[in-house]
Structure formats: C-alpha cells, structure tokens
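Biologist: I would like to learn how to read sheets and cavities in a model. Can you take me through one?

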Amino acid sequence: MLKIEKLTKKYGKTYALNGLDMEVKKGDIYGFVGPNGAGKTTTLRIISGLLKSDGGDLWLDGVRTTKNILKQKSLIGFVPDFFGVYENLNVIEYLEFFAASYGIYGRAGTVRAREVLEMVELSGKEEQMVDSLSRGIQQRLCLARAMIHKPKLLVLDEPNSGLDPRSRKDFQLLLQRLAREDYTILISSHILSELADLCTSIGVINGGVMVQQGKLENIMLAIDSSNPLRITVLNQVPKALELLRQDPQVSRLSVDENKIAAWFSGSREEEAYLLQKLVDAGILVVSFAREHNSLESLFFHLTGETEQKSRNTETFGNTIG
C-alpha cells in the first residue's frame, strides 16, 4: 500500500530524514513511533502531500507519486493532531464543505457525508454545531472528514491526544473495525501501550532513519528470544541449578531464593525439553516462561533511552556465571 525508499528532508544543515525506508502493507494498522525530533511528523507530512521531500521515492497503492502530488493527496486521508474550529457550521455542512473540496458536490456530497457519519458511528448528529461537540466526537468527525473522498490510506497523527480513557478505547475499536473493512491505517502516537493493543505492524524511527519495522508479533518474539527464562520452583533449588548448568545453551544463571533466571539460547521446542528435564528430575516447577518485553521497552531499547531501559530492567540477588 505504501512504500518509501531513501526519503530525505533537510532543514538548513540538519537532516530530519536521512534515507528513510518504510513499507506499510495493505490492511495493516501500522504504528509509527520514535522520540521527539526523530522525524515522525516530517514523514507524515511528506506522505500526506503537505511537505516536499528533498530526495527519495514514494509509492501509494502501486503508483509512484513522488512527482504527482495531486494523485498522492487523492489516495491519502489525513487526520492531524489538532481540530480546526468551524463555528458557523453544523456537522453535515462541515462534511459537505470538505466533500466539495474533493469535487463531490450537491446531493452526492450529502450522500457521502451521511455515509462516513455512519461509518464513524455519528449518525443522528448531522444538525449539531461542530464547535459544540466533545473532543472525542470531534475526533470521530475529523476521521469522517479524512474518509470523505474514499482514500486508500488513512494517516493519523497523535489521534488520541486529549481524549479521556473511554474515548481512546472507543476510537481504537473504531480503527480496528475500519481495518477489517479494508482500510489501511498509519498511526503515530506516544501512547505505546495502546499501539501494542491496536497495531499489526510497527516502525521505529530514530535520527531520521528506520531502526526497526515489521510485524509487531515477529519483532516482539525476536526481542524476547534474548530475554531470560524465569523459572520458579518449590523445592530442590541446588539440583535445578546443577541441571541447568549442564545444558550447553544456558550461558548464565541468577537466583533469588526459589526464583531462577536462565539465559537460554534454545528454540521454543528446546525450552519445552528443558522444562521436561526439570520435571523428570523430580523438581516441582511452579512457573516457567520467557520474560516478555513491552512495546515501551522495545522503544527504549531501539532508541537508546538508557534511563528508562535501566528502570525497566529487573535484577535478581545473585548472579551465577
């Protein structure tokens, strides 16, 4: 759906984007994250046709749009991180106005406006004044506006900013439903825990380059594989430690009373065999699982935020080589 190659953007002598590569597959909900100043907003503005790049190529729905800004804008529905105030318009007039800006006039514009209102679950609010709506309803209306011309890709910049928890959850469910209805969604947000629940793919930008991207599940599994196994036993801790030491794929152990951390390089199947060895040796195993990372810990790991990384690191009392 979206493919970017070697995208660059320079402000003075500073590169905001320095050869960015990015790919969003059709039907994805793609979470785009990075620290402040990493190049997220610049990227979104270039994708949405609001900013010209200095170099690189951009394809949308198989069409190279680098030199065709009108085509690019026709394929994108952009939801910015703010909502403009239209004091003298009600909801249906607001959408008819934007429909007309895309060449959808008269009755056709009214019909399309009602269609998108139904899609974002705002039917019945046609006559309400735009500036009287709550922040959560305004955000749904802004999404409806972005969908008025039937774009292929929805681009959302911090869409949950300023929303209460209930509104954020409702908006998340709405985006998931739209993805099931064949929309592709690119979303930038600082609320990493919500992106973890929402997104199918993730891209992490730092210093104007993509440092990691792909299916969220695959990335998390790859990161988890370097984490220790957390093992809790009821009895025979020394015997469990001795058995674990004998395994060539265990590089390090640490223990705190009956809790053991084992740095194990084996596969999931080999983890299962290791658990079976402990059980066959008569050791009562209460829990046995690979430590999992959160999207937040992945973010700090990839962007080098060592303070947060160290805060999230759990340690045991004694380390055994």
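Modeller: Start with a sheet. Six strands make an open sheet with mixed pairing, in the order S6-S7-S8-S3-S9-S10. Strands are DSSP runs of E with at least two residues, helices are runs of H or I with at least four, and both are numbered from the N terminus. Two strands pair if DSSP finds at least two bridges between them.

Biologist: Which strands stand at the edges?

Modeller: Strand S6 (76-79) and strand S10 (209-215) do; each has a single partner strand, so one side of each has no neighbour in the sheet. The twist averages 15° from one strand to the next. Such angles run from 0 to 180 degrees between N-to-C directions, with axes fitted to C-alpha atoms, for helices over the stretch in contact.

Biologist: What should I know about the source of these values?

Modeller: This is a predicted model, where local features need pLDDT of at least 70, side-chain atom pairs count only at pLDDT 80 or more, and totals for chains, interfaces and linings use all residues. Residues are numbered from 1 along each chain as its sequence is written, and side-chain values use heavy atoms, leaving out hydrogens and water.

Biologist: In which sense do strand S3 and strand S8 pair?

Modeller: Parallel, over four bridges, between S3 (residues 29-33) and S8 (residues 184-188). Contact means heavy atoms within 4.5 Å.

Biologist: What is the order of the strands in the four-stranded sheet?

Modeller: The order is S2-S1-S4-S5, in an open, antiparallel sheet. Strand S4 (residues 55-60) pairs with S5 over two bridges. Trp59 has Arg64 in S5 as its bridge partner. H1 packs on this sheet, touching strand S1 (2-11), S2 and S4, and makes about 60° with S2.

Biologist: Now the cavities. How does one look for empty space?

Modeller: Rolling a probe the size of a water molecule over the atoms shows where empty space is left. Here a cavity is a set of points on a 1 Å grid over the protein atoms alone where a 1.4 Å probe fits but cannot get out; lining residues have an atom within 4 Å of a point. Points are joined across faces, edges and corners, and the volume is the space filled by probe spheres set on them.

Biologist: How many cavities of 30 Å³ or more are there?

Modeller: One. The largest cavity holds about 60 Å³. Its lining includes Phe171, Leu175, Ile187 and Glu194.

Notes. 1 Å grid on protein atoms, 1.4 Å probe; cavity = no way out; pocket = protein on both sides within 12 Å on 5 of 7 lines; lining within 4 Å.
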